[in-house]
Amino acid sequence: MEKQLDPIKDDLPLMANTSHMLVKHYTLDLDVDFKSQIIEGIIVFFFETGSQYRKTSSTNEEGCQSQFDETCKIRASEPCQVPVTSVSACSSKTEYNDFPVCDKGGKDTSDKNGNHSNEEQASGISSSKNCCDIENHGSMDFLLVLDCCDLSVLKTEEVDVAAVAGIEKFTKSANPTDASKDMGNLRNQIVHELVTLPADRWKEQLYYYTRCSQAPGCGELLFTTGSWSLEIRKSGVRTPRDFPHAIRIWYKTKPEGRSIAWTTDQSGRPCVYTMGSPINNRALFPCQEPPVALSTWQATVRTAAHFVVLMSGENSAEPVQLQEGVLSWYYYVTMPMPASTFTIAIGCWQEVKQQPFTADVQTSSDFSLPFSQADLRWHEECCGHVEYPCRFQNPAARLQAVIPYRVFAPCCLMESCKELVLQLIPQCLSAAYTTLGTHPFSRLDVLIVPSNFSSLGMASPHVIFLSQSVLPGGRHLCGARLCHEIAHAWFGLAIGARDWTEEWISEGFATYLEDIFWAKAQQLSRDEVKGQQELKALLRWRRLRDEVQNSEEELQVLRPNKENTGEVSDSGASVVKHGLKAEKIFMQVHYLKGYFLLRSLARTIGEASYLASLRKFVHKFHGQLVLSQDFLYMLLEDIPEQKESGLTIESIFQNWLDTSGIPKLLPDQLVLLLESLLEEKTLCPRTLQCLEKTYELHEQDAEVRHRWCELVVKHKYIPGYGDVEKFLREDQAMGVYLYGELMVNEDAKQQELAYKCFAAAREHMDVSSAKVVAEMLF
């Protein structure tokens with residue numbers, strides 16, 4: 001992986017050491033203050049020992065410790081933390097012994113508001129000695145690293161989960177001798193039993209998560225905040241296995257935090273929502289950002305009574321009045337997902353409701369599902385993900401074409417949402433179900449976000465943000481965008497990328513499926529579908545061409561880590577390649593190149609077979625993280641005859657994913673592209689030059705070159721006249737009608753070219769062909 005990265009300009013560091021400690025559940029308890037523009041509260045983490053150390057027993061502590069000792073040797077000149085080799089230059093430059101000591105009686109390093117800077121020590125490191133003693137490697141404490149930015153961390157502590165009434169049921173498998181010796185082992189055993197409860201006990205699990213989150217503390221932990229991370233240790237604890245597996249953190253957000261936007265809605269009322277920004281949620285709460293940290297969560301949010309709280313949650317929360325003027329909202333999820341998918345929006349939203357006596361929305365009976373018997377057998381197979389209450393195994397969910405949905409908007413947009421969004425959602429949901437089957441999520445809220453929202457839409461679990469820009473001008477833009485965001489429920493959320501640099505896995509699939517869903521939602525005829533999708537393809541090709549011409553080559557690569565894609569450091573930390581480059585946020589290359597790759601595969605394989613493979617992929621990989629090759633291997637195994645045509649994973653990597661620019665197209669695809677361009681009234685010379693150079697059109701087969709010559713003639717592209725002359729002389733079997741096109745434009749140079757070519761070829765031409773051409777020319 002790249003080293004010496006500049007996180008301000010380039011790669012986004014994912015610092016959390018997920019190989020050592022892996023968060024399984026977050027419990028958030030938050031107060032939202034619009035006057036100060038601060039969210040303040042408590043977050044409780046429930047951990048499992050990470051994959052590197054999960055099998056470590058207490059008798060193997062020495063072996064585990066030796067790995068940390070080696071880390072210490074490697075990083076002797078840096079702050080002692082677990083190895084983050086891929087982001088070493090992204091770490092905080094400050095060492096522990098550079099921090100002022102702040103014991104209970106020591107100097108307060110907080111600012112005038114009581115907040116602690118990310119560049120300062122925020123709690124009581126009891127000694128200025130570096131946590132990793134270079135002279136005595138055996139004294140090193142284990143360091144938990146969380147992703148954190150733009151937060152004021154106030155306090156961290158271990159949670160005494162053993163103090164919860166009724167928790168004894170989770171200690172039956174604990175060794176009583178060990179427990180009596182070390183209460184820490186007992187607490188960690190309780191957390192392990194709790195996070196590994198079977199899926200059918202999810203309600204009990206949520207109940208005890210809540211109770212444990214409210215348990216008393218049993219000792220403050222030492223911590224340090226850096227530019228991108230929060231580092232926590234417990235004095236004397238040297239391994240992840242012995243580190244507290246339930247910890248509580250008190251913190252505050254900052255008004256300038258990059259994970260949330262404090263603004264006003266279209267009616268001038270205050271609101272706040274998650275940005276989906278490059279740094280994701282680390283400025284909303286400390287978390288583990290690497291995708292592998294799949295977790296569940298629950299959140300209680302308190303705010304003034306006139307605000308509505310929407311959040312990623314399986315339940316449609318009903319607010320509870322705590323005191324006059326204050327409401328509390330509670331949401332939870334039981335499907336493990338990355339913390340980056342957590343979404344919240346708080347504002348004076350109003351629910352847009354159906355008019356009385358409206359027609360029933362479409363249900364599964366309105367669409368015929370194209371599922372085969374093989375599709376049905378997939379449902380009967382065991383899921384490949386970690387255990388959770390999965391809708392793919394729920395018979396009722398498998399028949400639910402339209403999941404429950406709500407629409408929220410500021411009051412000034414209520415009518416347009418009622419007339420448009422509310423009517424389109426069931427059609428789009430049904431179309432998605434028709435294409436892919438079971439909806440991964442149980443419900444959906446759609447919110448029209450403020451005008452400063454930087455894209456047309458964003459999908460999160462149970463929540464879709466839509467820009468107000470999709471409302472004017474009729475159904476088309478709104479419906480297509482809804483379909484795009486609904487597609488993310490499968491690709492991007494239920495199935496996530498194991499390496500965030502592979503954004504195409506989410507955006508390419510959503511762009512491709514957007515057309516499929518929207519065509520079904522409109523109930524178009526086959527010819528109408530073809531016409532609409534060909535036009536979309538042409539527009540997207542032009543957009544991709546322009547982007548390729550006007551962007552850095554390295555930003556055009558869909559798999560910039562290439563053979564290292566998916567690799568992480570020993571600690572589990574990694575980076576998102578180019579994740580902090582501002583221009584990348586607005587680029588669409590991962591949407592468009594991904595779309596054209598999937599479109600190319602569909603045309604090669606056949607749409608029916610291709611969509612069947614997509615459904616199989618969804619059933620096999622939902623609830624999991626994937627890399628590009630997971631999809632491509634399954635697709636080519638499903639359709640083995642494609643291997644004979646030279647379609648391989650290696651060729652797809654080389655032509656589509658690992659290189660910049662516009663991919664090479666198959667001859668039939670080039671013919672289709674050129675025929676689409678022939679329908680355009682004007683194309684500038686620069687476009688034609690780029691087209692010829694990109695696809696080396698003069699070296700393609702006769703079908704492609706014929707269309708190229710037609711474009712040259714139609715747009716009077718003089719540099720291409722040589723290609724026309726060559727075609728008329730050497731490809732006489734196909735060039736007859738080019739003579740007519742040269743004459744019909746009544747352009748002197750083109751007519752001169754026609755006479756010249758005919759004079760040179762006439763003697764050797766087929767008699768019938770010569771007669772037809774002569775009639776065109778004379």
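Then go to residues 176–181, over which pLDDT stays under 50 and for which the model has two contacts beyond four places in sequence. Where pLDDT is low, the predicted coordinates should not be read in detail.

Now select the four strands of an open sheet, which are antiparallel in their pairing and follow the order 10-11-16-13. Strand 10 (260–264) and strand 13 (308–311) stand at the edges with a single partner strand each, so one side of each has no neighbour in the sheet. From one strand to the next, the twist averages 10°. Zooming in on strand 10 and strand 11 (residues 270–274), you will find an antiparallel pair joined by five bridges, and among the residues involved, T264 has P270 in strand 11 as its bridge partner.

The charged pairs come next, in a structure that holds 36 salt bridges. Select R406 and D445, whose closest N and O atoms are 2.8 Å apart in a salt bridge; R406 lies in strand 18 and D445 in strand 19, so the pair ties together parts that are 39 residues apart in sequence. R406 counts as buried at 16% relative accessibility, and D445 is buried with a relative accessible area of 0%.

Move on to R540 and D515, whose side chains meet in a salt bridge at 2.6 Å, N to O. This pair links helix 11 (residues 526–549), which holds R540, with helix 10 (residues 504–522), which holds D515. Both ends are buried, R540 at 4% relative accessibility and D515 at 6%. For a network of salt bridges, select E158, D160, R187 and K234 together.

Finish at helix 22 (residues 736–744), where V736, L738, Y739, L742 and M743 are buried. These residues lie on the same side of helix 22 because they cover an arc of only 160° around the axis, whereas Y737 and V744 on the other side are exposed. After helix 22 comes E746, with a positive phi near 55°.

Conventions. Residues are numbered from 1 along each chain as its sequence is written. This is a predicted model: local features need pLDDT of at least 70, side-chain atom pairs count only at pLDDT 80 or more; totals for chains, interfaces and linings use all residues. Side-chain values use heavy atoms; hydrogens and water are left out. Buried means under 20% relative accessible area, exposed over 50%, partly exposed in between (1.4 Å probe, protein chains only). Helices (H or I, at least four residues) and strands (E, at least two) are DSSP runs, numbered from the N terminus. The arc is that of the directions from the helix axis to the C-beta atoms. pLDDT is the predictor's confidence in each residue, from 0 to 100. Contact means heavy atoms within 4.5 Å. Two strands pair if DSSP finds at least two bridges between them. Axes are lines fitted to C-alpha atoms, for helices over the stretch in contact, and angles run from 0 to 180 degrees between N-to-C directions. A salt bridge is a side-chain nitrogen of Lys or Arg within 4 Å of a carboxyl oxygen of Asp or Glu.
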